[in-house]
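Welcome, and please have the chain open beside you as you read. The report below walks through a pocket, some aromatic contacts and a few backbone details.

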Amino acid sequence: MLGRLAQLGGSGAYGSAERQVVHPATSALRRPPRAVLILSVLLALVSPVFTAVSAKAATNRYEAESATVSQGLVEANHTGFSGTGFVNGDNLAGSYTEWAVNVPSAGSATLVLRYANGVAVNRSADVSVNGTVVSAGRAFNGTGNWDTWATSTLTASLNAGSNRIRISATTDNGNPNLDYLDVVAADAPASDYQAEAATLSQATVATNHTGFTGTGFVDYVNAPGGSIEWTVNVASAGAHTLTFRYANGTPAPRPMDISVNGTVSAAGKAFPATANWDTWADATVAVTLKAGVNTIRATGTDALGGPNVDRLAVSGSSGSDGQAPSVPASPRVTGTSASSISLAWNDSTDNVAVTGYRVYEGTALRASPATASATVTGLAASSAHSYTISAVDAAGNESGRSAAVTGTTSGTGGGVTADQLLAKVTTCSQISNGKYKTDSDVSSATVAVCNKTGAVFWKADMDIDCDGIRTTQCNEDTDCCFLPETACETSGGAALNAAQLPYVVVPSSSGIWNYTTKGIGCGTVVAVIYNGQIEYAVVGDTGPSEIIGEASYRTAADLGINPDPSNGGIDTGVTYIVFTGSGTKIATEENHSQAVTLGQQLAQQFVNNN
C-alpha cells in the first residue's frame with residue numbers, strides 16, 4: 001500500500017496527503033465502490049487489450065547450506081541470509097561449494113550468486129559448470145560488512161537434466177560467504193509429460209544415470225510387456241507428433257509398440273543405441289489424436305524390455321487453444337494437522353486462462369482446486385505424503401507436473417488447529433480507542449482491536465493488497481490502486497511481492513490505535529484464520545488509518561479466498577491474530593518458511609497462555 005516507512009513507523013498509503021495524490025480518484029479506498037467496479041468492467045469490454053505471449057523462464061533457488069561443501073561450514077551468525085544459513089568457506093585456495101542443479105532443457109541459463117564479503121579484499125573464485133570453468137577468477141568484492149549481501153550474475157550453458165555448479169576459491173582468503181544460487185532457465189515445453197509421473201507396468205522409476213529431466217526416468221524390467229502410459233490433453237483433433245526422450249546403453253535397438261487410445265499406431269518402433277545410459281536421444285512417432293483426453297502407451301516388445309525413457313513431448317495441430325499452462329512453481333506446505341496437509345504454489349500462466357489445478361499423490365488425483373492452494377484431508381496422523389501439481393485450462397490442456405513437495409501430518413492431538421486458536425478469541429478486551437470500518441463505503445465502524453496474552457486480534461473481512469513488485473497478478477492493469485511499493489521491504493531492499501508472499505496490512509497509526517505500542521512492525525508473525533485454515537503470514541504493509549482487514553494476494557489465495565484485487569476478497573469471517581512480545585519477528589521478511597516455523601511455535605504458546 002505504501003513504500004518504506006521506517007519499519008512501519010510512519011503513516012500509511014492513505015494516511016498522508018502526498019500519497020493520496022497518486023490515486024486521487026480512489027478517495028482512499030482499497031476496494032472501490034460497486035459503481036466504480038461496474039464502470040471498470042464496461043470500459044474493459046469496449047477497450048480490449050491484447051498481450052503478446054513470450055517465452056517463459058523459471059527461477060529455481062538452491063540454498064548454499066544444502067550444497068556440497070569442501071573445507072567450510074554452514075553458519076547463521078550473520079543476518080539477512082535466505083533459508084536456514086549460509087556457507088562460510090575455509091580461508092584457503094581450493095575450498096568450494098557445489099550445487100546439483102536440474103533444468104528441463106539444454107540451453108543458456110542465468111546464474112545469480114548471493115554473497116557477503118565483510119573485508120575490503122576481493123575474494124575471487126572460479127565458477128565451473130560440469131567441471132569446466134566458465135568464469136575464471138570472478139571478483140567477489142567487499143560488501144561493507146558480513147550482514148550486507150550482494151549478487152553476482154553470469155550466464156552459462158547447462159545440459160538438460162542434472163548439472164554441477166561449483167564456486168572454488170582461487171586465493172588463500174577463501175570464498176566469500178555464500179547464501180544461495182538462483183538459476184534462471186527456460187521452462188520445459190508445456191506439452192512435456194515426464195515418464196516418472198505416468199502409469200507404469202513392469203517398469204520402475206530410477207535416478208542412477210545422469211542427464212534426465214524432472215525427478216527421474218523410467219527403467220523397463222528386462223522382459224517383454226512392460227509399459228508406460230501417459231494421459232495427454234490436446235485442444236484439437238488431427239495429426240500430432242510424439243517425441244520420446246530415451247537412452248539405450250546396449251548395442252542393439254530396443255523396440256516398443258506405441259499405441260494411442262488402445263490402438264497400436266507404430267508396431268515395433270525401434271529405439272537405437274545411444275552410446276551409453278547417460279546419453280539421451282529423441283525418437284518421433286506420427287499419430288492421430290482426438291480433441292481432449294488421449295492415452296499414449298509405450299510397450300516394450302523385446303526380451304530385454306524397452307529403453308530408459310525420460311519424457312514424452314506432444315506437438316502438432318494447433319486449434320483455438322493448443323497451449324497448456326506453465327508448470328506450477330514453488331510448491332510448498334503451508335500447514336498441517338493430524339489429518340490434513342495444506343499446500344500452496346505460485347500461479348501458473350496460460351495464453352488464454354488457467355481454470356484450475358490438479359494435486360496428485362503419485363498417480364492418484366487428490367484435489368482439483370480452482371486457485372493455487374489446496375488442503376488434502378482424511379490422512380493418518382504422523383504420516384508423510386508427497387504431492388505434485390499440474391495446471392489446466394478451459395480447453396483441457398494440462399501442464400506438466402511441478403516438483404514434488406512432501407508434508408507430514410502431526411501426531412494425534414499434536415499441532416495447533418484453527419479451532420483451538422478461535423476458542424481463545426471469543427471475547428474481546430478492547431485496546432483500540434474506538435473501532436475500525438471494514439471499507440470506506442460502509443456506514444459504521446464495527447471492528448475493535450482486542451488484547452490477549454502474547455497477541456492482539458481482530459475479526460474482519462479481507463480486502464486484497466496487490467502493491468509492491470509488479471507481477472502478472474498485481475500491476476496497474478489488474479489493480480486500480482496499485483503502488484509499486486510496500487511499507488516493508490525484503491532483505492535486499494526491494495518491495496514485497498504480494499502475489500507470492502503471504503503478508504497482512506495493518507492500519508496506519510492514528511488516534512484509534514498505534515500498532516507500534518505493542519512492538520508490532522515489519523516481520524511480525526500473524527496467524528490469519530479462515531474457514532478452518534491457518535495461514536502464517538507477516539506484517540508487510542500499512543493501510544488507511546480508519547480501515548482494517550486486508551492482506552496480500554497470496555494470503556487470500558492460500559486460504560481459498562478469491563485473490564483478484566478488482567473483485568476478490570471476502571466480506572466477513574477472517575480472524576487476524578498478531579503475536580506480540582519478544583521473539584515474534586522473523587529475520588528475513590520474504591522468507592515464508594521462517595514465518596510458518598515461528599508461527600507454529602507462537603500459536604502453541606498463545607493457546608497455552610490464554
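Predicted model: local features only at pLDDT ≥ 70, side-chain atom pairs only at ≥ 80, totals over all residues.

## The second largest pocket

The space inside the second largest pocket comes to about 460 Å³. Its lining is made up of 23 residues, and those closest to the pocket centre are G335, T336, S337, V416 and I534. Two or more lining residues come from each of strand 23 (329-336), helix 3 (418-423) and strand 34 (533-543).

As for domains, domain 3 (329-408) and domain 4 (418-609) each give at least three residues to the lining.

## Aromatic pairs

A pair of aromatic rings is described by the distance of the centres and the angle of the planes. Across the whole structure, 12 aromatic pairs turn up. One of them joins F212 and F217: the ring centres are 5.9 Å apart and the planes meet at 55 degrees, so this pair is tilted. Are these two residues buried or exposed? Both F212 and F217 are buried.

Another tilted pair is formed by W230 and F244, with 5.9 Å from centre to centre and 55 degrees between the planes. W230 belongs to strand 16 (residues 227-234) and F244 to strand 17 (residues 238-247), so the pair ties together parts that lie 14 residues apart in sequence. W230 and F244 are both buried.

## Arginines over rings

Which tyrosine has R61 over its face? That ring belongs to Y180, and R61 lies 3.7 Å from the ring centre. There is also an arginine over the face of Y360: here R401 lies at 3.5 Å from the ring centre.

## Positive phi in two loops

Most residues other than glycine have a negative phi, and most peptide bonds are trans. With that in mind, have a look at N261, a residue other than glycine whose phi is positive, near 55 degrees. Where does N261 sit? N261 is in the loop between strand 18 (256-260) and strand 19 (263-269). Its relative accessibility is 34%, so N261 counts as partly exposed.

A275 is also not a glycine, yet its phi is positive at about 80 degrees. The loop that holds A275 runs between strand 19 and strand 20 (281-289). A275 is exposed because its relative accessible area is 70%, and the cut-off for exposed is over 50%.

## A residue of helix 5

Our last stop is T597, which is placed in helix 5 (residues 592-609). Is T597 buried, partly exposed or exposed? With a relative accessibility of 44%, T597 counts as partly exposed. To place T597 against another part of the chain, take I586: the two residues are 11 apart along the chain, and their C-alpha atoms are separated by 9.6 Å.

Technical notes. Residues numbered from 1 in each chain as written. Heavy atoms only, no water. 1 Å grid on protein atoms, 1.4 Å probe; cavity = no way out; pocket = protein on both sides within 12 Å on 5 of 7 lines; lining within 4 Å. Points joined across faces, edges and corners; volume = space filled by probe spheres on them. Helix = DSSP H or I, 4+ residues; strand = E, 2+ residues; numbered from the N terminus. Domains from an automatic or database assignment. Buried < 20%, exposed > 50% of the residue type's maximum accessible area, 1.4 Å probe, protein only. Phe/Tyr/Trp six-rings, centres within 6.5 Å; stacked < 30°, edge-to-face > 60°. Lys NZ or Arg CZ within 6 Å of the ring centre and 35° of its normal.
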